[in-house]
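Visitor: I have a few questions about this model. Can we start with the pockets?

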Amino acid sequence: MFDREVVSRAKLEPGGVANPLSPVPVYSLGGCIAHDVAQGVVGGAGCAGKHYWRRPTIALMSNPVERSRFKLHEIPAPFVNYFVNDITKSHLSEISASKKQGSIVIDVTRDLFTGVIDLGGGCYIKNPAEGVGIVEGLTEDTMGEGVLGNVLGLEPKPISYARDEEEFMELWKFFFERKISYLNEKFDKVILLELYFTPRLATGGVKPDFVDQSERANGVLARMYAFARQQNLAIVSLERSAFRTGAMVPWGGPSLTHFVPETIARLSDRVRAIVAPNGGDRNRYLVRQAYRRAQEHEQAVQWLNAEKA
């Protein structure tokens, strides 16, 4: 397991500056959906609050490495910066403004895409061997488990829900609780998006090779969200059937966690109701998205008719 006393000594530092374009800064910490939802909340008026690209919760909130003894010259060049930031935890200082203000939208799906490596001393990093195809510069040849062991100079101790769900959950709960406590000190409101993996396609039916992955991951996510409801934060949810993917979704697809624009719009409107409860129309973004889709449909029909002619 892990040493809670060692882990509790992590140093957390503030950082980041709010953009003055919005009277209610809305930051985001997570993946593409958290980014797009936050942008929908502010209506696309510049970037009301900075987006912080996600890292696994366990890695993000753990201790910095006690000393660097790793063979950085053997790490793929595009990955060196990420790796150094991960072991030193310098990315944590980028998360928040220097004083409490605004809201932050977060998600935890990346916590399942990659596990972590225990480096000892309460330090965990994202498992680079599981980052192949996710993080720039990593391939099976440049960062397999054998390569990782040589870089670290020790036998990696991987932790993930797929290897041992109970071990993962115990560690994740500890660091998620710390994460929410930290974010509550820096922001007025912390809002978690309750997202689920999906095999559902916008055209109907499911993508068969996504079914097993979704079922396993969603069982763990349900446990994670149940624990999150015990913390001091707001949770924005939709019915499971709302999570649909497709070939033309934002950020590319079909994907387990890339959804149709209408899903993003609905999430944005629900976040807006929390951030600005007196902000008027509760379906502002969804309505705009509906008319945008109508325009796209009309243009597509006109193009098809012209091609037929």
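Visitor: Where does the largest share of the lining of the second largest pocket come from?
Guide: Helix α10, residues 284-308, supplies it with four residues. Helices are DSSP runs of H or I of at least four residues, strands are E runs of at least two, and both are numbered from the N terminus. This is a predicted model, where local features need pLDDT of at least 70 and side-chain atom pairs pLDDT 80 or more, while totals for chains, interfaces and linings use all residues. Residues are numbered from 1 along each chain, and side-chain values use heavy atoms, without hydrogens and water.

Visitor: What is the volume of that second largest pocket?
Guide: About 320 Å³ (space filled by probe spheres on grid points joined across faces, edges and corners). Of its 15 lining residues, Ala 202, Ala 247, Met 248, Val 249 and Arg 293 are the closest to the centre.

Visitor: And the largest pocket, what volume?
Guide: About 630 Å³. It is lined by 24 residues, and Trp 53, Arg 54, Arg 55, Tyr 82 and Arg 110 come closest to its centre.

Visitor: Which element gives the most to that lining?
Guide: α4, with four residues. β2 (51-53), α4 (77-88) and α5 each supply at least two.

Visitor: Switching to α8: what do its buried residues pack against?
Guide: They pack against α5 (110-113), α7 (165-186), β7 (189-193) and β8 (234-236). Buried means under 20% relative accessible area (1.4 Å probe, protein chains only), and contact means heavy atoms within 4.5 Å.

Visitor: Which ones are buried?
Guide: Among them are Phe 210, Ser 214, Leu 221 and Tyr 225.

Definitions and conventions: Buried means under 20% relative accessible area, exposed over 50%, partly exposed in between (1.4 Å probe, protein chains only). On a 1 Å grid over the protein atoms alone, a cavity is a set of points where a 1.4 Å probe fits but cannot get out, and a pocket is an open set with protein on both sides within 12 Å along at least five of seven lines; lining residues have an atom within 4 Å of a point.
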